[in-house]
Amino acid sequence: DAKRKFAAFVFAYEIFKHEENKKILFEIGEECEVVTFYRVHSCNKNSIFYYDDTQNYLTLEETIERIHEAGGIAIVAHPLLYPYDNEDKFAEIEKMVQEYKLDGIEVEYPLFGKEDREKLKEIAKKYNKYISGGTDYHAENKPEIKIGTGINENMNICTEMVEDWIYNAKEI
């Protein structure tokens with residue numbers, strides 16, 4: 001079962017089995033669903049459900065370096081969904097783009113509004129970074145999202161958006 005392979009899902013399923021836990025999540029103002037538990041709680045330092053498992057992962061610098069070594073392009077996925085220390089997520093994204101050797105930013109994403117997409121495009125343009133997009137389709141885990149079209153067909157990743165960088169990726 002794919003859902004059991006990701007530790008955050010195991011925790012979330014156990015927590016969500018009990019109504020009193022749902023009430024606690026609601027009371028602390030961080031109500032979520034099983035599939036969003038990881039982002040909202042497990043990796044959020046301000047959540048009571050946070051657990052630090054960063055020792056199990058490469059650093060951002062190491063990850064980007066490995067992507068480049070393999071001939072790939074390092075693009076930060078759905079950057080507005082991460083918990084940042086600063087409430088101004090766009091300032092944090094801009095700082096990340098300046099500090100790390102990222103090649104691009106995912107701009108088109110089903111949960112991003114038009115204004116958010118425009119701000120992300122501005123950051124990408126300012127720092128000469130590629131833009132990308134994705135539906136974040138995960139089959140049964142996210143049944144409301146359709147591959148290629150997002151939620152209620154709110155996305156259309158056109159060739160022109162990605163053609164300037166897709167041809168720069170090297171074949172392995």
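What follows is a short exchange about a predicted model.

Biologist: Why is Tyr109 called buried?

Modeller: Its relative accessible area is 2%. Buried means under 20%, so Tyr109 qualifies.

Biologist: What makes Tyr109 and Phe112 an aromatic pair, and why is the pair called tilted?

Modeller: Their ring centres are 5.0 Å apart, and the cut-off is 6.5 Å. The planes make 50 degrees. Stacked needs under 30 and edge-to-face over 60, so this pair is tilted. The structure holds one aromatic pair. Phe112 is buried too, at 5% relative accessible area.

Biologist: How do you know that Lys17 and Glu14 form a salt bridge?

Modeller: The N to O distance is 3.1 Å. The rule asks for a Lys or Arg nitrogen within 4 Å of an Asp or Glu carboxyl oxygen, so the contact counts.

Biologist: Why is Lys17 called exposed, and why is Glu14 called partly exposed?

Modeller: Lys17 has 55% relative accessibility. Exposed means over 50%, so Lys17 is exposed. Glu14 has 34%, which lies between 20% and 50%, so Glu14 is partly exposed.

Biologist: What separates Lys119 and Glu115 along helix α6?

Modeller: About one helical turn, because they are four residues apart in α6. Glu115 is exposed at 56%, and Lys119 is partly exposed at 32%.

Biologist: What makes Lys121 and Glu118 a salt bridge?

Modeller: The closest N and O atoms are 3.7 Å apart. That is within 4 Å, so the pair passes. These two are three residues apart in α6, again about one helical turn. Salt bridges with shared partners join Glu108, Arg117, Glu118 and Lys121 into one network. By this rule the count is six salt bridges.

Biologist: Why are β1 and β3 called edge strands?

Modeller: The sheet is open, with three parallel-paired strands in the order β1-β2-β3. β1 (75-76) and β3 (130-133) each pair on one side only.

Biologist: How do you know that β1 pairs with β2?

Modeller: Two bridges join them. Pairing needs at least two, so β1 and β2 pair. Ile75 has Gly104 in β2 as its bridge partner. Helix α6 packs on the sheet, touching β2 and β3.

Biologist: Which residues touch the most other members of the largest nonpolar core?

Modeller: Leu80, Ile93, Leu102, Ile105, Leu120 and Ile123, out of 17 residues. Helix α5 gives the largest share, four residues.

How values were computed:
Residues numbered from 1 in each chain as written. Predicted model: local features only at pLDDT ≥ 70, side-chain atom pairs only at ≥ 80, totals over all residues. Heavy atoms only, no water. Core = buried A, V, L, I, M, F, W, Y, C linked by side-chain atoms within 4.5 Å. Buried < 20%, exposed > 50% of the residue type's maximum accessible area, 1.4 Å probe, protein only. Contact = heavy atoms within 4.5 Å. Axes fitted to C-alpha atoms, helices over the stretch in contact; angles between N-to-C directions. Phe/Tyr/Trp six-rings, centres within 6.5 Å; stacked < 30°, edge-to-face > 60°. Salt bridge = Lys/Arg side-chain N within 4 Å of Asp/Glu carboxyl O.
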